[in-house]
Amino acid sequence: MERRKVILVTDGDEHARKVIELAAEEVGGRCISYSWGNPTPISGEEIVSLILQTPYDPVLVMFDDCGQHEGGLGEKAMQYVALHPQIDVLGAIAVASSTHSREWTHVDVSIDRYGNLTEFGVDKEGLPDLEIGRINGDTVYILDELTIPVVVGVGDIGKMAGFDSIKKGAPITKQAVEIILKRSGYHESRP
């Protein structure tokens with residue numbers, strides 16, 4: 001049984017959907033578009049079923065808690081997907097937000113809105129934050145409880161003061177996907 005290669009994305013609004021669909025297409029993967037919504041509108045079981053139906057990898061999936069503190073719908077779905085025996089999580093894109101619950105997670109690297117890699121977290125606008133190796137956001141709390149090889153922090157997908165807009169080709173989000181594919185060894189594992 002071949003395990004499906006999946007990238008988790010901790011954002012699910014309409015801007016994120018358009019950008020994640022574009023990024024998936026450009027890396028030759030798929031996006032589970034039904035996973036977009038604020039909060040995530042479908043269960044982890046439904047998401048896994050959709051992942052297993054996609055014709056090829058990598059599969060990008062969006063999760064969103066809509067600001068619900070710890071263990072919201074998005075995080076419950078993400079946990080189910082990440083722990084499923086037919087899913088191989090390559091990495092996660094941890095998206096910063098100005099959440100009131102102040103959830104945070106560790107990140108391996110962040111990308112600021114100018115495309116620079118930084119050891120610091122970034123804020124919603126894609127500017128470097130004050131803390132090294134962590135990012136504040138919505139739907140990120142569960143990431144530290146899962147075994148994820150690569151976690152990349154970014155600002156608000158498709159926004160970041162226009163630097164990640166779909167009109168510009170969403171360069172920051174695409175860079176995050178490429179970092180995950182490279183650091184996870186995805187390209188080397190392909191025939």
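Predicted model: local features only at pLDDT ≥ 70, side-chain atom pairs only at ≥ 80, totals over all residues.

User: Why is α2 called oblique to α3?

Analyst: Start with the angle: helix α2 (residues 44-53) and helix α3 (residues 73-83) pack at about 45°, with axes 8 Å apart. Roughly parallel means under 35 degrees and roughly perpendicular means 65 to 115, so an angle in between counts as oblique. That makes α2 oblique to α3. As for handedness, α2 passes α3 in a right-handed crossing.

User: Which residues make the contact between α2 and α3?

Analyst: On the α2 side you'll find Gly 44, Glu 45, Ile 47, Val 48 and Ile 51, and they meet Ala 77, Tyr 80 and Val 81 of α3. To count as contact, heavy atoms have to be within 4.5 Å. Sorted by class, this contact of α2 with α3 has six nonpolar residues, one polar and one charged.

User: What makes α1 and α4 oblique to each other?

Analyst: It's the angle again. Helix α1 (residues 14-26) packs against helix α4 (residues 171-183) at about 50°, and their axes are 10 Å apart. Since the perpendicular range is 65 to 115 and roughly parallel is under 35 degrees, this angle falls under oblique. α1 and α4 are therefore oblique to each other. The crossing of α1 past α4 is right-handed.

User: Which residues meet there, in α1 and in α4?

Analyst: From α1 come Val 19, Ile 20, Ala 23 and Glu 26, and from α4 come Thr 173, Lys 174 and Val 177. The contact of α1 with α4 divides into four nonpolar, one polar and two charged residues.

User: What lines the second largest pocket?

Analyst: The lining includes Glu 25, Arg 30, Cys 31, Ile 32, Leu 50 and Tyr 56. To be counted in the lining, a residue needs an atom within 4 Å of a pocket point. The space in this pocket comes to about 180 Å³. Both β2 (30-32) and α2 supply at least two of its lining residues, and the largest share, three residues, comes from β2. By class, the lining has five nonpolar, four polar and two charged residues.

User: Where are the cis peptide bonds?

Analyst: One joins Asn 38 and Pro 39, with omega at about 10°. Pro 39 sits in the loop between β2 and α2. Another cis peptide bond joins Asp 57 and Pro 58, where omega is about -10°. Pro 58 belongs to the loop between α2 and β3 (59-62).

User: What makes Thr 139 worth a mention?

Analyst: Look at the backbone: Thr 139 has a positive phi of about 70°, although it is not a glycine. You'll find Thr 139 in the loop between β10 (134-136) and β11 (151-154).

Definitions and conventions: Residues numbered from 1 in each chain as written. Heavy atoms only, no water. Axes fitted to C-alpha atoms, helices over the stretch in contact; angles between N-to-C directions. Helix = DSSP H or I, 4+ residues; strand = E, 2+ residues; numbered from the N terminus. Parallel < 35°, antiparallel > 145°, perpendicular 65-115°, else oblique. Left-handed = near helix turned anticlockwise from the far one by under 90°. Nonpolar A, V, L, I, M, F, W, Y, C, P; charged D, E, K, R; others polar. 1 Å grid on protein atoms, 1.4 Å probe; cavity = no way out; pocket = protein on both sides within 12 Å on 5 of 7 lines; lining within 4 Å. Points joined across faces, edges and corners; volume = space filled by probe spheres on them.
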